[in-house]
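Please look over the sequence and the three-dimensional structure shown below. The paragraphs that follow give a guided reading of selected features.

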Amino acid sequence: MSIKFKLLLAVGLAMVITGSLSILMIYNQNSKRLTDHLVFDTKNTVNYTSQLINFYLDSAKSSLTSLAEDPAMLEALETKDFSNLAVVTSKLTIINDVSGVVGNVALQEVSSTKCLVIAADKRSQSAVGVDFSLRDYCKGIIAGDKPYLSSAFINAVSKKPTLAFAVPVKNEKGKMLGFVVGFIDLSELHGYLWDLQSNSAVDLLDRNGEMFLTTRAVPNFLGLAPYDESEVFSVKEKLSKNIPEGYYIEGLNFIGYKFDGDITVIYEKPTKDLISLVNSSNFILLSGFISSIILVFSILVFFVGRITNRISRLSKITKEIEGGNFKINLNEKDLEANDETAVLARSFNEMAKKLTNVYKKMDNEVKNRTKEVEEKNKKLNESEIELKKALDLSEQTNKLMVGRELKMLELKEELRKLKK
């Protein structure tokens with residue numbers, strides 16, 4: 001396995017691992033930011049809707065409070081005089097005609113736990129004398145002795161869901177003798193809420209958790225909506241645990257809600273928009289990452305190729321030097337570059353020059369030594385020749401001397417014999 005392949009494999013794996021971790025971190029960060037943005041948007045929408053509803057209800061409360069503080073109301077409750085009741089009826093009719101928020105305004109007397117209508121506007125004259133003790137607003141104002149917003153109920157006249165706002169009428173001693181009650185028109189409020197929705201839905205629950213208003217395409221009221229109400233039930237469950245405000249994902253919807261003591265606002269937005277936005281963002285991120293990998297890998301292949309080619313040439317030169325060839329040919333670009341391979345190439349070049357000089361010096365020394373040895377051998381050879389000649393001469397002389405001695409001995413023997 002070549003060093004080029006190893007480098008590309010190592011760097012490629014490092015890029016994939018670090019890139020994957022980066023994408024995962026960015027994906028989580030994007031999802032968190034988008035979720036936070038959705039929570040922020042939902043929270044603002046819920047708060048704005050709650051403020052809008054309170055503003056709408058405050059206008060009704062203001063009109064009814066003005067009536068309740070009118071001395072004619074207290075006088076009618078105390079005297080029950082026909083003329084006083086007529087004046088009250090006239091005022092209630094005017095309020096009903098002028099105000100677009102409240103209707104069916106009536107003055108009711110409180111007696112023990114009973115709420116009896118003693119005066120009403122012209123459209124509600126049939127309610128005069130009727131006991132509304134079972135109504136939530138009757139029970140609520142008697143129990144609290146203060147302004148009270150009722151739970152939702154079906155208006156007997158309009159056959160539509162409505163809320164009743166009751167404001168107590170008290171005497172100088174602070175005792176409640178009765179109250180002014182008006183039915184709040186929800187059609188105008190529904191129009192305001194309808195303008196708020198943008199691929200979303202707003203539901204309103206009364207104090208008992210019953211839905212009385214929605215911005216869905218086919219609305220039904222008082223808990224009888226023709227769609228899955230799982231988010232409403234989840235909100236009810238959270239309200240039962242004294243959690244007045246919250247934001248959560250349920251199914252394919254993101255839900256935010258807020259309970260202000262009277263009305264619960266539920267804002268529902270599909271999470272598919274968030275998922276689509278996250279997927280789009282991640283697709284762009286992934287495409288950019290893949291493009292970056294391709295570009296970086298191409299640049300890496302180019303530079304790694306240049307580096308490994310230099311290393312390959314240096315490796316071949318090393319083998320040549322190992323074989324005894326010190327005459328190396330290095331590319332000028334390899335020597336003039338500003339990286340480690342150029343330093344290595346220059347080191348190889350210097351090493352080759354030094355080895356060449358050393359080799360030449362050794363070669364000269366070997367030649368000189370050889371010449372000296374040859375000269376010594378020549379002298380030795382000459383000495384050997386002279387020594388051989390001397391030995392030969394010495395041998396001849398020895399032979400001559402030996403022969404002479406032998407001859408002398410023979411002559412001495414002959415002389416001895418002659419003497420005898």
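**Salt bridges, a disulfide and surface patches**

The side chains of Lys 170 and Asp 145 form a salt bridge, with an N to O distance of 3.7 Å; the term stands for a side-chain nitrogen of Lys or Arg within 4 Å of a carboxyl oxygen of Asp or Glu. Lys 170 belongs to strand E5 and Asp 145 to the loop between H4 and strand E3 (148–149), so the pair ties together parts that are 25 residues apart in sequence. Helices (H or I, at least four residues) and strands (E, at least two) are here DSSP runs, numbered from the N terminus. The model is predicted: local features need pLDDT of at least 70, side-chain atom pairs count only at pLDDT 80 or more, and totals for chains, interfaces and linings use all residues. Residues are numbered from 1 along each chain as its sequence is written, and side-chain values use heavy atoms, with hydrogens and water left out.

Lys 170 is partly exposed, with a relative accessible area of 34%, and Asp 145 counts as partly exposed at 30%. In this scheme buried means under 20% relative accessible area, exposed means over 50%, and partly exposed lies in between (1.4 Å probe, protein chains only).

How many salt bridges does the rule give? The count comes to five salt bridges. Side chains of opposite charge can pair when their charged atoms come close. One of the bridges joins Asp 70 and Lys 91, at 2.6 Å from N to O. Asp 70 lies in the loop between helix H1 (3–68) and H2, and Lys 91 in helix H3, so this contact ties together parts that are 21 residues apart in sequence. Asp 70 is buried, at a relative accessible area of 17%, whereas Lys 91 is partly exposed, at 28%.

Another bridge is formed by the side chains of Glu 109 and Lys 80, with 2.9 Å between N and O. This pair links distant parts of the chain, with Glu 109 in strand E1 (residues 102–111) and Lys 80 in the loop between H2 and H3, 29 residues apart. Glu 109 counts as buried at 17% relative accessibility, while Lys 80 counts as partly exposed at 40%.

Lys 80 also deserves attention for its backbone. The loop that holds Lys 80 runs between helix H2 (71–79) and helix H3 (82–98), and Lys 80 has a positive phi of about 55° although it is not a glycine. Most residues other than glycine have a negative phi. In helix H2, which Lys 80 follows, the buried residues are Ala 72, Met 73, Leu 74, Ala 76 and Leu 77.

Where else does a residue other than glycine have a positive phi? Asn 242 has such a value, near 60°. Asn 242 is placed in the loop between helix H6 (230–240) and strand E9 (245–250). With a relative accessible area of 69%, Asn 242 is exposed.

The next feature is a covalent link. There is one disulfide by the rule applied, which takes a pair of cysteine sulfur atoms within 2.5 Å. Cys 115 is joined to Cys 138, with 1.8 Å from S to S, and the link is right-handed, with 80° about the S-S bond.

Two patches complete the tour. Patches are made of residues with over 30% relative accessible area and no salt bridge, where like charges are joined within 9 Å and nonpolar side chains (Val, Leu, Ile, Met, Phe, Trp, Tyr) within 5 Å. Glu 172 sits in the loop between strand E5 (161–170) and strand E6 (176–184), and Glu 172 counts as exposed at 84% relative accessibility. A nonpolar surface patch is formed by Leu 9, Leu 13, Ile 17 and Leu 21, which together have about 380 Å² of accessible area. Leu 9 is part of helix H1 and counts as partly exposed, at 41% relative accessibility.

Terms used: Accessible areas come from the Shrake-Rupley method with a 1.4 Å probe; for residues, only the protein chains shown count as cover.
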